[in-house]
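Colleague: I have some labels to check with you. Could you take me through how each one was reached?

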Amino acid sequence: MALVSAKEMLQKAKAGHYAVGQFNINNLEWTKAILLTAEECKSPVILGVSEGAGKYMTGYKTVVGMVNGMLEELNITVPVALHLDHGSYEGAKKCIEAGFSSIMFDGSHLPFEENVEKTKELVAICNEKGMSIEAEVGSIGGEEDGVVGMGECADPKECKAIADLGVTMLAAGIGNIHGKYPENWAGLQFDVLDDIQKLTGEMPLVLHGGTGIPEDMIKKAISLGVSKINVNTECQISFAEATRKYIEAGKDLEGKGFDPRKLLAPGAEAIKATVKEKMEIFGSIGKAE
């Protein structure tokens, strides 16, 4: 199956009261593990690529070529969107040219008028090309590729103004953060989410920083209109833990255990387990059948 826009999968998720996971990719192993799990679970999936990860993988055209090749070679039948995560205006333009099927323009750190202006321009381009576009209002806490936010809550009126520009989905800060959550984290602000949902109506809402949010909060957020949840750190931690165990057990010293295909296999399996667990919590398993 070819790459698709995230629009239809998220509209179905919103109507069906479940969420589609965006799992960030960093290399071939990450991508393969996520795609195989989505196919096994018959779940739609969004592959997220940060600008830093895109650069690490040598560029967006390389990413598009790798993902398209895997869709064909692995016989992937579930809907897959390839999505730029926290993109700058320039990054969004490059991903559109490279063949991504979805982008996020993060103008949350810009003056609001500039965020509106640039989002509006990118919405027009994405509509013309049949791509989906995510916008952000209110900084998401934590650190993502050097961008630091303190977990501010978005202004619901600003959310409505951005939603009215015709974006496909909206990321709004509701106290969530990227990375690991500190012990003194106050939790998600459901009153703010409810106010945003009331003003934005059918618009699928996005929850960034899905790693570490308790399951009951995730399910409540989905009930209040969240249809896309981003997971990255949790897969990284799973991968690192499994790889560490393999090396600490001395398996890289047994036979050809140093072969990267063997060395990286436990980490890839750990990513699969994490992705499957998240798909179960989000309620997306079987939704692509």
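Modeller: Start with angles: under 35 degrees counts as roughly parallel, over 145 as roughly antiparallel, 65 to 115 as roughly perpendicular and the rest as oblique. The model is predicted: local features need pLDDT of at least 70, side-chain atom pairs 80 or more, while totals for chains, interfaces and linings use all residues. Residues are numbered from 1 along each chain, and side-chain values use heavy atoms, without hydrogens or water.

Colleague: Why are α5 and α6 called roughly parallel?

Modeller: The axes of α5 (residues 89-98) and α6 (residues 112-129) cross at roughly 5°. The axes are lines fitted to C-alpha atoms over the stretch in contact, with angles from 0 to 180 degrees between N-to-C directions. The crossing angle falls under 35 degrees, so the two helices are roughly parallel.

Colleague: What makes Glu134 and Lys228 a salt bridge?

Modeller: The rule wants a Lys or Arg side-chain nitrogen within 4 Å of an Asp or Glu carboxyl oxygen. Here N to O is 2.8 Å, so the pair qualifies. Glu134 is in strand β5 and Lys228 in strand β10, so the bridge ties together parts 94 residues apart in sequence. Helices (H or I, at least four residues) and strands (E, at least two) are DSSP runs, numbered from the N terminus.

Colleague: How do you know whether Lys228 is buried or exposed?

Modeller: Buried means under 20% relative accessible area, exposed over 50%, partly exposed in between (1.4 Å probe, protein chains only). Lys228 has 0%, so it is buried. Glu134 is also buried, at 0%.

Colleague: And what is Lys198 called?

Modeller: Exposed, because its relative accessibility is 61%. Its salt-bridge partner Asp194 has 25%, so Asp194 is partly exposed.
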